[in-house]
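Take a look at the sequence and structure, then read on.

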Amino acid sequence: MHNIEAKERVSMALHYDLSQHSYQEASLLQNREFSTWLETFVAKDVHYWMPVVERRYVKDKRSEPTPYDMAIFNDNYDEVKQRVDRLGTGTVWMENPPSSVRYLITNIEAFHTDKENEFVVLSNFAIIRNRSQLEHSEHVGCRRDVLRKVGDGYQLVRRKITLDARVTEDKNLYIFF
Amino acid sequence: MINMDKLVDVENSTQSKQVFWDQDIYDRELERIFGRCWLFLAHESQLEKPGDFFTTKMGEDSVIVVRHTDGSLKAFLNSCTHRGNSVCTADSGNSKSFVCNYHGWVFGTDGALVDVPLKEKCYHDELDMSKLSLPSVRVESYRGFVFGCFDETAPSLADFLGDWGWYLDTWMVGAGEGVELIGPPMKSILKCNWKVPAENFVGDGYHVGWTHASALEMLGGELGALAGNRANMPFDELGIQVTTRHGHGFGVIDHAAIGIHEKREGYAKFLQQTLPVVAEKLGQPRANIYDGHWNCTTFPNCSFLYGTNIFKVWHPRGPHEIEVWSWVIVHKDMDDETKKEVVKQAVRSFGTAGTLESDDGDNMVNSTRNNQGGHTRSNNMDSRMGVGHEGPHPDYPGIVGSSFIGETSYRGFYRFYQEIMSAESWDEIRANDEQWADCFPNKDYWKDRLAAKSKGGDQ
């Protein structure tokens, strides 16, 4: 599901295009324009996934997590939509006053795939959430996306999010990565 | 000087806010609660083969649980008997032995010291290795759930659970092959006292409608009607709340097991097929609660929701912080597709990024943090909802409250909390076994209520 193979690197022009797309996405999310993000940046066949990664010894032969294993996010489009809809109910007490969430997206690498209109895009992220008076949390990791060219823009088809921390130092991860 | 009678007023159903803040109270909790109670370690399904291990915590102590070569389960402190370094640094795995990274001491899967580098030349062959095993922990299982206890004088796990085990059997053995836990656990930090989530799971049906208004509104389903407490519901007819000996307890919302599952066909079918089995095997009272949604705490720090099926341990990290570990409960004889869906639904609602989980954190953190203020801390918390509307029930053991919204099991939790924090020994606690429920004085509550009901039915 998430092993769509990355082929040759994309051209400088395409890399620029895909990078700008990532920054626009971050901009929508940090401006709390979740519905716009969902409707324009997310494909209906998306799989949005954050597996739980254990600390294991190097010699441990057990396989890497798959979307059938325990995962913090394991969402299809409707499930991502529910997360967005919940934020619009007006009764998410935690988001009133709202959190400030900042996205630093770096190390973007982009590749062609077997499909002409789909690209594998790798990136690193640092997402910093500030809430209330002094509440501060940071989430660092990487994403492996598959983006599909749709009209003038791109839509997210696959997103595998890997957090570097084993233990989340935050009261929840109800943010978009 | 800790005065437990002052900190927990059983008669007036109040607790001092100090119990969420003070370091000396926390230190006593580590000694008298985490040092003397059975604490959840792992599920046997995680430890099937010899050498399978899982690292966890008991209070603030790091512990390894392992399947020994003879097939038995062992648990011991994860701290080398030489200079104290960890002997295992992975979350889980399979190993023939545990080797300390510091000087290379090697321990077997029973905790015995089996090798010491340079022992002939540098210890001059004078080291009595038999006296240097990793300190072991009592291990017992209940229906596949493995618990550990530091106290040799504590009752057996089955006796510690007592009547709570009678309830747990409803779904642990009633429905077929039993259950297992799906991991690896999600782990996160919450800056709250460990008792805040423990009391919430033991008996807080009250917060559901308000705290979780947004998620319930979005999810709809059976529990959607609770959103914002807007619906006019006959709460005394929709479920019960129970507290049992040793502070365990739960609330059940009748027939709402899968109330927040969106994809539920597989689970609904499983419940339908197994409900008559539970009735036949365990009787109608337990069949009546089998397909309910349960919020539970096994004293002190193991909480779960049966129905939603999230299973959590609150590991304390000082008085103001916990590590939350979350697994998912599935029935062993569910088909793979149903298991997958149950895991997904449980995590989507009560995982680290869960739609309902995310509502709770702020409440728990602020209920703790506010007590940094001395004036705030000098006040009490209140848990009197439903006082008097509870008592012994002809069909259900323990003390049974009138509704799943009530604070009967809060009161039971803190009654035992006070008892174990005050008691010098388990013998002192055992001496109260017959009269522990005296603080729930309305012995005829259910007799009267059921009589009135049957009289009403006759008319």
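In chain A, 61% of the contacts with a separation of 6 or more join residues 24 or more positions apart; a contact means C-beta atoms, placed from the backbone, within 7 Å. The model is predicted: local features need pLDDT of at least 70 and side-chain atom pairs count only at pLDDT 80 or more, while totals for chains, interfaces and linings use all residues. Residues are numbered from 1 along each chain as its sequence is written, and chains are lettered from A and ligands numbered from 1 in the order in which they are written.

**Chain A**
- Chain A has three helices and six strands, taken as DSSP runs (helices H or I, at least four residues; strands E, at least two) numbered from the N terminus.
- Along the sequence, these elements of chain A run α-α-β-β-α-β-β-β-β.
- The C-alpha trace of chain A spans about 45 × 45 × 30 Å along its principal axes.

**Where the chains meet**
- Chain B brings 34 residues into contact with 31 residues of chain A.
- On the side of chain B that touches chain A, E13(B) gives the most, with eight residues.
- That side of chain B divides into 13 nonpolar, 11 polar and 10 charged residues; nonpolar covers Ala, Val, Leu, Ile, Met, Phe, Trp, Tyr, Cys and Pro, charged covers Asp, Glu, Lys and Arg, and the others, Gly among them, are polar.

Note on methods: Two residues are in contact if their C-beta atoms, placed from the backbone, lie within 7 Å.
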